Amino acid sequence: MKPTEYTVFQSRAGDRNDLAIPGAKAIGQALARRTGVSPTVIGSPAPALNVNWREELDAALPALRAMQSRMHDVLASGAISIAATSRCAVSLATLPAVAQHHPAACVVWFDSHGDLNTPGSTTTGYLGGLALAAPAGLWDSGLGSGLGLDRIVLVGQRDLDPFEQSVIGEHGMAHIGPAADLASELRDAVAGRPVYVHLDCDVLDPGIVPTDYVHEGGLSLEDLRLCCTVLARHEFVGIEIAEFQYAWQTDGDPVSPEFLLDAVAPLLEP
């Protein structure tokens, strides 16, 4: 049985508010209660900047490089990586390491968005919207790439802009919508490959967990658990859980991540 390494990212990475850093910390604490293992913490909290992607990336790069170094160490050791990554932009650092150490693995990207924009195509300037495109080689973040578009399985996207739709269509990327036969389509798309999972909590239907973005028509917790059950039958490389916010609003009561972890438990439990 492979060992498991736990990591919590605690720096800003394109944050628009200050709720995801404590959200990642809460996930790390919940995992520690379940496993008895304290996670390795990368970075230190800082207030959200909420500025354009270039300024956000420049501010985040030191912590992102530290996170990438941690991922290289974990994956090179042969361990499974379980990480709470606060924001999707942290994938700029994690996915190139996954691509290097597990070149046969596919990345299953659970998200209401594609995050396939480039600096030239983005209409929002939001760093998180560029998070998958750079590891896939569509632009240079300074953190590397190596993840072929044919190795990406998109699940749950329902807010795709025309540029992202064109990328998906032109490259024949696997895209499983929320209304699909999730189990069978996911199984077919993965096609027996090793699996690394990115979970943006806004893939879920609004009101299930606190997230920055809200889009109707998402997955239920049971849908997510079903998907994780399917993926658990494959060689499992790791999972990163992003965009879980600590509360529904600033200064609100904390929300437990336990029910979210219950849904992904098929991947967390040997």
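R34 and D262 join their side chains in a salt bridge, with N to O at 2.6 Å. R34 lies in helix α1 (residues 20-35) and D262 in helix α7 (residues 258-263), so this pair ties together parts that are 228 residues apart in sequence. A salt bridge here is a side-chain nitrogen of Lys or Arg within 4 Å of a carboxyl oxygen of Asp or Glu. Helices (H or I, at least four residues) and strands (E, at least two) are DSSP runs, numbered from the N terminus.

A quick word on the ground rules. This is a predicted model, where local features need pLDDT of at least 70 and side-chain atom pairs count only at pLDDT 80 or more, while totals for chains, interfaces and linings use all residues. Residues are numbered from 1 along each chain as its sequence is written, and side-chain values use heavy atoms, with hydrogens and water left out.

**Salt bridges**

The count comes to nine salt bridges.

| Pair | N to O distance |
|---|---|
| R34 and D262 | 2.6 Å |
| R87 and E243 | 2.7 Å |
| E5 and R70 | 3.2 Å |

E5 lies in strand β1 (residues 4-9) and R70 in helix α2, so their bridge ties together parts 65 residues apart in sequence. E5 is partly exposed at 31% relative accessible area, whereas R70 is buried at 12%. (Buried means under 20% relative accessible area, exposed over 50%, partly exposed in between, with a 1.4 Å probe and protein chains only.)

What about R87 and E243? R87 is buried at 0% relative accessibility, and E243 is buried too, at 4%. Back at the opening pair, R34 is partly exposed at 33% and D262 is partly exposed at 42%.

**Aromatic rings**

There are two aromatic pairs. W53 and W139 sit edge-to-face, 5.3 Å centre to centre with 75 degrees between the planes. Rings of Phe, Tyr and Trp (its six-membered ring) pair if their centres lie within 6.5 Å; planes under 30 degrees apart count as stacked, over 60 as edge-to-face and the rest as tilted. W53 lies in helix α2 (residues 53-76) and W139 in the loop between β4 (106-110) and β5 (152-155), so the pair ties together parts 86 residues apart in sequence. W53 is buried at 17%, and W139 is buried at 10%.

The rings of Y126 and Y213 have centres 5.8 Å apart and planes at 55 degrees, so that pair is tilted. Y126 counts as buried at 15%, while Y213 is partly exposed at 23%.
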